[in-house]
Amino acid sequence: MKNFLSILKRKAVVTTALATTLVAGSLSTQVQAEVDEDTSVWSWEQADKIERTDENTAPQISEEEIKDIAPDLHVWDTWPLRNRDGSVARVNGYKVIFSLTAKKEGVTPSERHGIAKIRYFYSKDGKSWEMGGLAYDPEQALGSRQWAGSAMIDDGKVNLFYTATGRKSNETKTYEQRLAKVSADIETNKDGVELTSNGDHEILLEADGEHYQTLEQSEGKGVIYSFRDPWFFQDPKSGEEYLVFEGNSAGTASEQTCQPANYGSESFQQTHDAPEDAKLYNGAVGIAKKGEDLSDWNLQKPILEADCVNQQLERPHFMVKGNQYYLFTITHKFTFAPQITAPDGLYGFTSDSLHGDYKPLNDSGLVIANPENDPLQAYSWVVLPHGEVSSFVNKYNTEDGEQKFGGTLAPTLKLSVHKDETKIVNESKFPKIK
Ligand code: FRU
């Protein structure tokens, strides 16, 4: 399966193409575009360095820190309403967050994904949250359920980007995922915040089979399929706007192979051989550039691929600090390829240019892991503009040694980010959005 002669679409090949063109004396714009849009690789060699350290291991969440913000609901993936430039929005003194939710009654934690709907909460102090209600009329929403998500306010209009999963017309639930949007008006008064969506739900993007694998191309073979989690991003350097999202590298699953670049350095390639199943792991961070308006998006090549390393790079998002782009994503232990042992965690990469080349933070990519004795305690970390990290309480161990699903916001962590290194520096007792 390891085919050293196979044609690489990666940097080495692009560089050769560029050199050839330069010799010929004409640097065509086509080649230039290829170079700009090159896809970075999270290699097995890099992921092999993943290990828990004092800098990346989160403190254990104690039971008294777990406050149910909506006692009748499972609450998980959460994102704040942001301004167009990515700063957290304040609307007449209120902060607003959006969360995936499902009723608790009669619904087990693992069934929640099958009936997910987006609700919003608001807060004046960013610590205690009141529920506002559903973010839209579920009858009007696209998909049989709605998954994550980002939200941006501009000119008084809230733009909610979400994943339309399956179709209302499907008799059985499918894993088809499409990127969608709805807008809403927002009103505030002394009693709280009210969102009124105007119902114009629209599909923005679908997997094209060329840059991103379609559900059909996945042939039901990988651990789980993905084309989801749209996250709005305005590039502060160029002013251009993008959606980043979770996808799978294009191609038919049965034809996927592990390429030398997916292994890492030449010496690593020569001393390692991936198990047969590794080739089915093809997680990618996708990107689409805005055209004329917020309804018009053009798919580009993935910015990062984890072929033969990991199947799911979930909820990708950026933080920009100084000249550096920081790309964060979350993933699970069970979605790493079989030859890699790594924890559920927040992983990150950095580059001084939006399209890369991205290098893993802390050499391996690991930024936040749950503690070893509570390895599933939190998930779905999101890094906010000043390094605060919000997440939800997942399956934590109680003092009686039972495992329980938290289904509510977790205490916020604070991350220090310096060049290509990060460190957890603090934990607030609240799910605080600054
Ligand atoms: C991460 C995630 C997201 C998805 C949602 C579905 O926790 O898998 O990628 O949108 O959960 O519930």
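The following paragraphs lead through a predicted model, beginning with the ligand and its surroundings and then turning to salt bridges and backbone features.

The residues around the ligand are Trp 76, Asp 77, Leu 100, His 113, Trp 147, Ala 148, Arg 228, Asp 229, Glu 246, Glu 314, Tyr 379 and Ser 380.

In the side chain of Trp 76, an N or O atom is 2.9 Å from an oxygen atom of the ligand. Arg 228 places a polar side-chain atom 2.9 Å from an oxygen atom of the ligand. With Ala 148 the backbone takes part, as one of its N or O atoms lies 3.2 Å from a ligand oxygen atom. How much of the ligand's accessible area does the protein cover? On its own the ligand has 320 Å² of accessible area, and the protein covers 94% of this.

Attention now turns to the charged pairs within the protein. The structure holds 15 salt bridges. One of them joins Lys 104 to Asp 68, with the closest N and O atoms 3.2 Å apart. Lys 104 lies in the loop between β3 (95-103) and β4 (117-123), while Asp 68 lies in the loop between α3 (44-47) and β2, so this pair ties together parts that are 36 residues apart in sequence.

Two features of the backbone complete the account. The peptide bond that leads from Gly 356 to Asp 357 is cis, and its omega is near 20°. Asp 357 is located in the loop between β17 (345-351) and β18 (359-360). The loop between β18 and β19 (366-369) holds Asn 362. For Asn 362, phi is near 55°, which is a positive value in a residue other than glycine.

How values were computed. Residues numbered from 1 in each chain as written. Predicted model: local features only at pLDDT ≥ 70, side-chain atom pairs only at ≥ 80, totals over all residues. Heavy atoms only, no water. Near = heavy atom within 4 Å. Polar contact = N/O pair within 3.5 Å; in protein donor to acceptor, adjacent residues only side chain to side chain. Areas by Shrake-Rupley, 256 points an atom, 1.4 Å probe, with all protein chains shown as cover. Salt bridge = Lys/Arg side-chain N within 4 Å of Asp/Glu carboxyl O. Helix = DSSP H or I, 4+ residues; strand = E, 2+ residues; numbered from the N terminus.
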